[in-house]
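Please read it alongside the sequence and the coordinates.

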Amino acid sequence: MTLHIGVHLPVNFEPGEESHDGTVDIARLARHAEEAGLDSVWTGDRLASGFPVLDSSMVLAAAAAATRRIRVGYGVMLPALRAPAWAAKQIATLQHLSGGRVLLGVAVGSGEAGEWAAAGFSPKERGRRTDRFLRALPDLLAGRPTALAGVPRGARVVLAPSAPVPEVWIGGGAEASLRRAAAYGQGWLAALKTPEQLAAGAARLAELAAERGVPVPRTGLVTFVRATERPSAAAAGPVVDYLVKAQGLDRERAAALALGGGPRQVAERLREYADAGAGTLVLVPFGADTRRQYDLFAQIRSLLLDERVAAR
């Protein structure tokens, strides 16, 4: 199994030294990630979340324009916040701008009332809206006449130009997310899982794929990392604090999930996830200098890949 190492772009972090005019320089960071040898850059997707965050499609368009090789990923898109034709149009446009480098993570979202009110949709419908979008997406991207909810009866939507369907990665850890991955995805993108939990989810996904008679989607993981130049037992502290404050985890669980330390320390922890079935690892950086975090992540990637070559 090939190991793919991606990184999150810091679109909702306080601007650091890689910023200008009070905004994060997405193009520069994406180019740096590519030059460092990483495999993909990702961004989350929020509307009215209560904290400053940039639009995901525009962020990925900037990243695509500044790079030539690296994949650009929604980690994850919330299509239920959008009219489905508009969401498909954004994805198709990004496929054209990037030369087909899009990785499409999709999830239903948290259901925060204010965010869904801002979009004009009910959070109670987010699962059904997401499934309808995933069913319609191949036809919409191919430019085939497509019936959509809310469109007058008998009318069909046709989008042009057509675009290839990107790899679809379904985010979330619930049973519904695993079923959605088996039905629509080429991958399952988990987060906030221990290696044991990830392995259990991958096993359940394999069962669901077998029930449908489809190939087993690949397994991926989004994880939070603070890399340091040298080994450090305290490096993961800021990540733990974030997981407690922003994700609502208790401190013991946050400490079990947070990764930090020198490249070999982090590589050892990530190896546990790779052994549990994760072929894609998306690292969310913590640290004042995001570019330096990307350099350290590239060192971690090399350590993991060298081990895999040596094991063959």
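Asp295 and Arg292 are three residues apart in helix H11, which means that about one helical turn separates them; helices (H or I, at least four residues) and strands (E, at least two) are DSSP runs, numbered from the N terminus. The side chains of Asp295 and Arg292 form a salt bridge, at 3.6 Å from N to O, where a salt bridge is a side-chain nitrogen of Lys or Arg within 4 Å of a carboxyl oxygen of Asp or Glu. This is a predicted model, in which local features need pLDDT of at least 70 and side-chain atom pairs count only at pLDDT 80 or more, while totals for chains, interfaces and linings use all residues. Residues are numbered from 1 along each chain as its sequence is written, and side-chain values use heavy atoms, with hydrogens and water left out.

**Salt bridges**

- Asp295 is partly exposed at 23% relative accessibility, and Arg292 is also partly exposed, at 28%; buried means under 20% relative accessible area, exposed over 50%, and partly exposed in between (1.4 Å probe, protein chains only).
- Salt bridges with shared partners link Glu175, Arg179, Arg204 and Glu207 into one network.
- Arg179 and Glu175 both belong to helix H6 and are four residues apart, so about one helical turn lies between them.
- Arg179 has 43% relative accessibility and counts as partly exposed; Glu175, at 33%, is partly exposed as well.
- A salt bridge of 2.6 Å (N to O) connects the side chains of Arg144 and Asp139.
- Arg144 is partly exposed, with a relative accessible area of 41%, and Asp139 is partly exposed at 28%.
- Over the whole structure, the search finds 14 salt bridges.
- Side chains of opposite charge can pair when their charged atoms come close.

**Nonpolar core**

- The largest nonpolar core has 91 residues, and the members touching the most others are Leu9, Leu38, Leu281 and Phe297; such a core is a set of buried Ala, Val, Leu, Ile, Met, Phe, Trp, Tyr and Cys residues joined through side-chain atoms within 4.5 Å.
- Helix H11 (residues 290-311) supplies the largest share of this core, with seven residues.
- Neighbours within four places in sequence aside, Leu38 is in contact (heavy atoms within 4.5 Å) with Ile5, Val7, Ala33, Arg69, Ile70, Tyr294, Phe297, Ala298 and Arg301.

- In helix H1 (residues 26-36), the buried residues are Ile26, Leu29, Ala30, His32, Ala33 and Glu34.
- Ser177 is part of helix H6 (residues 175-184), and its relative accessibility of 8% makes it buried.
- Residues up to four places away in sequence not counted, Ser177 touches Ile170, Gly171 and Gly172.

**Cavity**

- One cavity of 30 Å³ or more is present in the structure; on a 1 Å grid over the protein atoms alone, a cavity is a set of points where a 1.4 Å probe fits but cannot get out, and lining residues have an atom within 4 Å of a point.
- The largest cavity holds about 50 Å³ of space; grid points are joined across faces, edges and corners, and a volume is the space filled by probe spheres set on the points.
- Its lining consists of Leu192, Lys193, Leu221, Val222, Thr223, Phe224, Leu243, Leu257 and Tyr273.
- Strand E9 (residues 218-227) contributes the most to this lining, with four residues.
- By type, the lining residues are seven nonpolar, one polar and one charged; Ala, Val, Leu, Ile, Met, Phe, Trp, Tyr, Cys and Pro count as nonpolar, Asp, Glu, Lys and Arg as charged, and the others, Gly among them, as polar.

**Backbone geometry**

- Leu192, one of the residues lining the largest cavity, has a positive phi near 55° although this residue is not glycine.
- Leu192 sits in the loop between strand E8 (187-191) and helix H7 (195-212) and counts as partly exposed at 21% relative accessibility.
- Gly75 and Val76 are joined by a cis peptide bond with omega of about 15°, and Val76 is in strand E5 (residues 71-77).
- A cis peptide bond, with omega near 0°, also runs from Ala160 to Pro161; Pro161 is in the loop between helix H5 (126-142) and strand E7 (167-171).

Technical notes:
1 Å grid on protein atoms, 1.4 Å probe; cavity = no way out; pocket = protein on both sides within 12 Å on 5 of 7 lines; lining within 4 Å.
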